[in-house]
Amino acid sequence: MLGGSGARYPVFVCHGFLRPSHEGQRRAAAAPHASLLHFAPLDPDTFAMPGHMRAADADGRVPRKARQRRRRRHRHRRRRRQRRRQRHAMLLLSWRQVRGYGVGYRHMCRFFCGPIFRAPPLRAFEYIWRLDADSFLLGPPAADPIAAVAAVNGSRAAPLQRLHRARRRSRLARRAGTYGWIHAYRDEHLFVTGLWDLTAAFLRARNISEEAVTRWLPDGASWAATPMCFATNCFVARRAWFAEDEAYAAYFRAVDEAPPPAPPAPARALSPAARLQAGGFYTYRWGDACVHFLAVAALLPADAVVRLAGLAYWH
């Protein structure tokens, strides 16, 4: 129940670890609200490492003949050792470069920028409201946050809190409100290495002025100097825009496939094979909070965005 609106929304607990043996525990947890609480298993590939970080698969098939069983066992053990070494190497990268944020955290950052909006259990819904596992609503909302975002559009935004107008309008964003945020903050430069350079190049390639981003910032500062982010532990998003909009898909792809750092001069240029796409989420620990902010500021009209000021929220 949300405030006095009477709205009752289904709640999905997305997971990748519950098994059929946990069925009893799931039913017990859902018992008070069985019709609203759902446990949504995610495809294992959702949190798979990028292709170049995974162990190479020689043939992708499981041999059937008995004489090949020994070869299969040895291959399996070899791949398992390779995966362990790769995970260990990635964890070392995490600890050495970005204060110990491991692979799981980077999986999460990527998930809330792309895969969540295409997850099969959520495809039937127009809006999703994300709450982190340690989020708390301290009281009934003053207004239904999903209805507040849905009510915002280019012609009827006055009753709700708005931000400045951006020039660029997306086809999917014109019909209804697209994004609701509750808190913005300045991230540390350590966690956004190279993100603005990539974003600025993306904007230039699409003839989008950087002013679309800078007008959201305090005192006209540049984003490189003041890397503002939306706190994504609580947001409302129009799922179709993030899942289907061509401009956002291109930006997510650019972030997801950000190349590794160039070798310092006078080192020899990287060969095509060496320039495997490392992924900004994994190589640089780019967070979903800053990716959301930059995409929303650059690609959405500001009157499709609303601050969720009516939530008594704690995280």
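Tryptophan 286 is buried, at 1% relative accessibility, where buried stands for under 20% relative accessible area, exposed for over 50% and partly exposed for what lies in between, with a 1.4 Å probe and protein chains only. This is a predicted model, in which local features need pLDDT of at least 70 and side-chain atom pairs count only at pLDDT 80 or more, while totals for chains, interfaces and linings use all residues. Residues are numbered from 1 along each chain as its sequence is written, and side-chain values use heavy atoms, with hydrogens and water left out.

Of the 315 residues of the protein chain, 43% count as buried, and the chain holds 11 helices and 10 strands, which are DSSP runs numbered from the N terminus, with at least four residues (H or I) for a helix and at least two (E) for a strand.

The strands β3-β8-β5-β9, in that order, make up an open sheet of 4 strands with mixed pairing, two strands being paired if DSSP finds at least two bridges between them. Because β3 (127–131) and β9 (305–307) each have a single partner strand, they stand at the edges and one side of each is left without a neighbour in the sheet. Within this sheet, β5 (residues 179–181) and β8 (residues 234–238) pair in the antiparallel sense over 3 bridges, and tryptophan 181 stands opposite phenylalanine 235 in β8.

The structure also holds 18 aromatic pairs, in which rings of Phe, Tyr and Trp (its six-membered ring) have centres within 6.5 Å, with planes under 30 degrees apart counted as stacked, over 60 as edge-to-face and the rest as tilted. The rings of phenylalanine 136 and tryptophan 314 form a tilted pair, because their centres are 5.3 Å apart and their planes at 35°.
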